[in-house]
Number of protein chains: 4
Amino acid sequence: DLPLTLIAGPCQMESREHALEVAAALAEMTAALDMPLIFKSSFDKANRTSLSGRRGIGLDAALPVFAEIRERFGCPVLTDVHEAAQCAPVAEVVDVLQIPAFLCRQTDLLVAAAGTGAIVNVKKGQFLAPWDMKNVVAKLDGAGNRRVLVTERGASFGYNTLVTDMRGLVIMARDTGCPVVFDATHSVQQPGGLGGASGGQREFAPVLARAAVAVGVAGVFIESHPDPDSAPSDGPTMIALKDLPDVLSTLVALDRVAKAHPLTM
Amino acid sequence: DLPLTLIAGPCQMESREHALEVAAALAEMTAALDMPLIFKSSFDKANRTSLSGRRGIGLDAALPVFAEIRERFGCPVLTDVHEAAQCAPVAEVVDVLQIPAFLCRQTDLLVAAAGTGAIVNVKKGQFLAPWDMKNVVAKLDGAGNRRVLVTERGASFGYNTLVTDMRGLVIMARDTGCPVVFDATHSVQQPGGLGGASGGQREFAPVLARAAVAVGVAGVFIESHPDPDSAPSDGPTMIALKDLPDVLSTLVALDRVAKAHPLTM
Amino acid sequence: DLPLTLIAGPCQMESREHALEVAAALAEMTAALDMPLIFKSSFDKANRTSLSGRRGIGLDAALPVFAEIRERFGCPVLTDVHEAAQCAPVAEVVDVLQIPAFLCRQTDLLVAAAGTGAIVNVKKGQFLAPWDMKNVVAKLDGAGNRRVLVTERGASFGYNTLVTDMRGLVIMARDTGCPVVFDATHSVQQPGGLGGASGGQREFAPVLARAAVAVGVAGVFIESHPDPDSAPSDGPTMIALKDLPDVLSTLVALDRVAKAHPLTM
Amino acid sequence: DLPLTLIAGPCQMESREHALEVAAALAEMTAALDMPLIFKSSFDKANRTSLSGRRGIGLDAALPVFAEIRERFGCPVLTDVHEAAQCAPVAEVVDVLQIPAFLCRQTDLLVAAAGTGAIVNVKKGQFLAPWDMKNVVAKLDGAGNRRVLVTERGASFGYNTLVTDMRGLVIMARDTGCPVVFDATHSVQQPGGLGGASGGQREFAPVLARAAVAVGVAGVFIESHPDPDSAPSDGPTMIALKDLPDVLSTLVALDRVAKAHPLTM
C-alpha cells in the first residue's frame, strides 16, 4: 500500500557521464511525481546473445559511479551480480543486489548475495512458475536474509516470445510475502528474435506496466535511455527518457486507484 | 473512449425465473455505477466436456426470456450460436450474436451471423494469435457486416491452462478496428482441469479484469450467478452476484484513468 | 501390433480426375510396401483463414468420387464433417467420418457422427491435453459407437506455432483404448503464419512421422499432392507424391522395430 | 552416421563405490550392444530447488573417481561446470565439460570451458529456440573450440512442464553443424512439480528416446541409478539400471534404421 516505486536506468553503464545524465533526468521526473526512485544499471552484461556484444564498463569502473549517483541524487542504487565472488564488493556500494532471471536457481549466488545483508531482488526465471519463487525466496531466507524483492519479467511462450501472466504478480506476493516488482521492459523482450541479438517490442512496455500497476505492485522496473536505438544492449525494449514522464504519470494515477482498492484474496 | 460496458449474466439460462433474477440484480448494480449493461446467457452449451453436462433450456424456451429481459430492463441481450441455421431465429430477438472461441474459424457460421445484420461478438480462439483476428473480422466484413466486437478470453499455455497476453487487447484493436472486450471469467478457465469438466480460478477473474481495463477496453465480460458453486456449468469461474459491485466499482475507477490517458501507439 | 496404416490423399477434393490420380498413385506405392491405405480428402474446407480461400467441390459432387475410389482401389475412404446434418449422408458412402480438431468438443456433431455407425476419427484439438481426449471418446461411446480412432495433430505453442508432444501418443492410447493416428502434415502447420493463410514446414513432416512411428502408432496421416505448391489449401504442409515412397519405406522399417519392441507402461 | 553413443550415469556422484558400481554396470551393458559409452555424473548440483537438497561429493573428491573410471572402463567421462574457475581443473581429468541448460547463455563460463580444449557439451536452455543455439556455439567457436556437442532437454511449455520439439534436433544439427544429443531423462522433468523439488515422468523417457533416435541423433543421455526412488536428486526421472538394457536394445535397433535412412533436408 506504499506508493509505486520506480526502478530505472540504462541497461548497461556505458560511462560515468552517461549514467549521471540518465540519473539526473530520472531524479527530476520522479521528484515531480513524488515517486520513489531506485537507480539501476549493469556493470557487466554477462549473457549477451553474441560474443561481440558490448558488456559494460566493468565492476571496478562502475562502483564509484554508483556511489556518486547515490550521493548526488539521494536515491538507492541497484545492479546485478553473476558470480558469488562479486556479491561482497558490490554490496559495499550498492543497495540492492539483483539476481538475473537465468541465474535465479543458482544456489551459491543466492547464498552469497543474501550473506551481504543487502536487499536482494530476484528476477523470476522465464522457465519458472510464479508459485516456484517461494523456493527461491526460501534459499535467501535460509541464508539469513529477508529483505527480498521478487520481479516478474515474463515467461517463455513458444519460441522467441515471452508472455506475462498477470496472475503471477498476485501469486508471488501471496506465496513469498515479498514486495513484487514488474519489469516492463524485459517482459517485452523477444529472446533471440533478431538472430544474433534479442529483439523487443518497446511499444508494449507501457501496456504491460499499466496492467501490472492496476493489479497492484510495489514497483515497476523500466530500463530507459536518452537514445535507445543507439544503445549497446536492450535498445529494442528500452523507453526513451523523453517518453517516460507520460508513462509514469499514467502509472501513478492507476496506482492510486489500485492501492485504494486492494485485492482481497 | 466511451465508458466501460459490462456484458454479464449466468453462463447458461437455467429457467425464466433465474434469468430474470440475475438480470434484475445486474441492472440495479450497473445503474448505480452509470455503467452500460448487455445481458448475456446461453440457451445451449454445445461443447460441454461431458455428454451428461447440463446444456441449458434450449432455443425455443430461451428466446421469449431474452425478449422479456430486453423489454423489462431496457438493456441489449447477447447469446451464442453454434450452427448457421440458428443465426436467423436468434437474431430476431437478440441484439448481439456471439461466436464461441472454438468456432471462430467456421466460415459458414460467421457468414450466417453476419447476414442477420445483428452485432456479432467473436471470441478469439484459444489457438489464435491476436493479429489473426483480422482474418476473422475480414470474413464478417466480406459478408457485409461491420458491427463487430472481438473478445479476448485467453490463449493455450501448456496443458489445461490459459494465459492472457495483455498486448493482445491493443493488437486486436489496432488490427481489426473493432471495439475489444475482455472476458474475465473464461480467461481463468482451466480447460479439462477437473477431469470430466473444466476447472477455473474465479479468484483471478478480478485480477485480469483490472489489468485489461487499465490497458483500455470497450467492455468486460463477466459471467455471474447467485450461487456459482451450484451452477450447472462454469461454476468454478463465475463470480457471485454479491461480490460483483466491489469488482465493478474498481473497474469503473480504473477505466476513468485509462480513458483519460489513452495509449498512443 | 498391426502394421502401420497410411491415411493419405489431397487436402481437398479438387476434381474427380485429380482425386483418382492421387488415389491411384497412393494405392500403387502402398501395395509395394504391403501397407494398408485409407484414402482421405475433404469435400469442404469449412475453416479457411480467408473467405476467398477455395473450399472444395462440395458434398454432392464428392460422394460419388469417394464411392468410385473405394470400389476401384479396394481401400476404405475418409472425409471430415462439420455439421451434424452432414453425418448421415456422408456415412452412406464413406467408411471413416473425421471430426476436425477445432470441432472435437462439439457434442451434437460427435453424437451425430457416432450415430451413423461408421468409424469415427477425432482429431485432438490444438487446445486440448492428450488425457482430455478420454472425455471426447466417452461422448462417442455414450452415443453407442466404440469404433473410434484418435489423431494427434499438434498443440498450440506460443503464437502461430504447433508442437507435438510425443508422450501424447502413449497417453491417448492408454486413456482411450483407441488406435492412435499421427497426422504428420497438419502437425507442421504454422496457423495463420502467412497472414491471410496458414503456413507450414513440409520438410519437417517426415521428421515428426519418424518420431511418432518409433514410439508406436496404428497409423500415419499424410496429406499428399502431385504439386503441393499449386494446391488450393495446405500446400505448405503437403508432401509431393513423388517424395512419398522414400518417406513411407523408412516409416515401415521403423514400424517393424517399434512393433517388435512394444512399450511397456 | 556413426552408431548411437550413450551418455549415462547417476545424476550426482554419491560416493566412489556408488559411481564405480554404476559405471561397471553401464560398461557391461553397452559392450554387449557394441555401443560407445560416456560416463556422466555431477560433482555438485548447483541449482537444486531447495537449499537442503543434497549437492554431491564436491570437486576435489570427484576428480580422482572420474580418473579411475576413465582408466578402469576405458570410457570418456563427462561432468558439468557452473563457474568459470572450475573449468581448468575439471578439464585435467574429464573429457567432456557440460554447460547446464540454465547457464547456456553465460559468456564467461562458455569461454572458460572452450579455453580448456576439452570437448564441450552445451545443453539448450528451456527458454531457447533450437535455432538460437547457433549463437551459443558461435561463442565457443569464437573462443577457439570447435569440439562441441549440443543437447536437447526440453522447452518450457506452460508451467511445471517441458515439451520436446523433435524438429529441434534437426534444426540444431543444421544450424550448428555439431553432433546432437538427446537428453531423455531431463526432458521428462516436471520443473518444480513437487513443490520443494522437481518431479518427473520416468516412464516417458524411453518414449522420447525412441522418437529422437528415429529422427537421428549422435547420442542419447540417460541418467540411471541402481535405485532411483532413493536417489538424492532427479530420482523421479532416472531409469533403473535393471530396466536399461531393454531400452538400449530398442534404441540401437531404431538407430540402425535411422542411420540407414538419413533425412535429406
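A residue counts as exposed when its relative accessible area is over 50%, as buried when that area is under 20%, and as partly exposed in between. Keep these cut-offs in mind for this predicted model.

Start with Glu17(C). Its relative accessibility is 51%, so Glu17(C) counts as exposed. Its salt-bridge partner is Arg16(C), with N and O 3.4 Å apart. Arg16(C) has 36% relative accessibility and therefore counts as partly exposed.

Move to chain B. Here Arg72(B) and Glu68(B) join their side chains in a salt bridge of 3.0 Å, N to O. Both residues belong to helix 2 (residues 59-73) of chain B. They sit four residues apart, about one turn of the helix. Glu68(B) is partly exposed, because its relative accessible area is 22%.

Lys124(D) pairs with Glu152(D) in a salt bridge, and their closest N and O atoms are 3.2 Å apart. This pair links distant parts of the chain, 28 residues apart. Lys124(D) lies in the loop between strand 5 (119-123) and helix 5 of chain D, while Glu152(D) lies in strand 6 (residues 148-152). Both residues are buried. In chain A, salt bridges with shared partners tie Arg16(A), Glu17(A), Glu68(A) and Arg72(A) into one network. Over all chains, the structure holds 60 salt bridges.

Now turn to where chain D meets chain A. On each side, 37 residues are in contact with the other chain. The buried area is about 3,400 Å², and carbon and sulfur atoms give 50% of it. Leu51(D), Arg105(D) and Tyr159(D) supply 21% of what chain D buries against chain A, more than any other three residues.

Two salt bridges cross this interface. One of them joins the side chains of Asp108(D) and Arg55(A), at 2.9 Å from N to O. Twelve residue pairs are in polar contact across the interface. On the chain D side, helix 4 (107-115) and helix 5 (133-142) are the elements that give two or more residues. By class, that side has 14 nonpolar, 14 polar and nine charged residues.

How do the two chains relate? The same surface serves both: 100% of the contact residues of chain D recur in chain A.

End with Gln126(A), in the loop between strand 5 (119-123) and helix 5 (133-142) of chain A. Gln126(A) is buried, because its relative accessibility is 7%. Its contacts include Phe102(A) and Arg153(A), along with Phe127(D) and Ser156(D) from chain D.

Technical notes:
Residues are numbered from 1 along each chain as its sequence is written. Chains are lettered from A and ligands numbered from 1 in the order in which they are written. This is a predicted model: local features need pLDDT of at least 70, side-chain atom pairs count only at pLDDT 80 or more; totals for chains, interfaces and linings use all residues. Side-chain values use heavy atoms; hydrogens and water are left out. Contact means heavy atoms within 4.5 Å. Buried area is the accessible area (1.4 Å probe) that two parts lose on being put together, summed over both. A salt bridge is a side-chain nitrogen of Lys or Arg within 4 Å of a carboxyl oxygen of Asp or Glu. A polar contact is a pair of N or O atoms within 3.5 Å; within protein, one must be able to donate a hydrogen and the other to accept it, and residues adjacent in sequence count only if both atoms are side-chain atoms. Ala, Val, Leu, Ile, Met, Phe, Trp, Tyr, Cys and Pro count as nonpolar, Asp, Glu, Lys and Arg as charged, and the others, Gly among them, as polar. Buried means under 20% relative accessible area, exposed over 50%, partly exposed in between (1.4 Å probe, protein chains only). Lists of a residue's contacts leave out its neighbours within four places in sequence.
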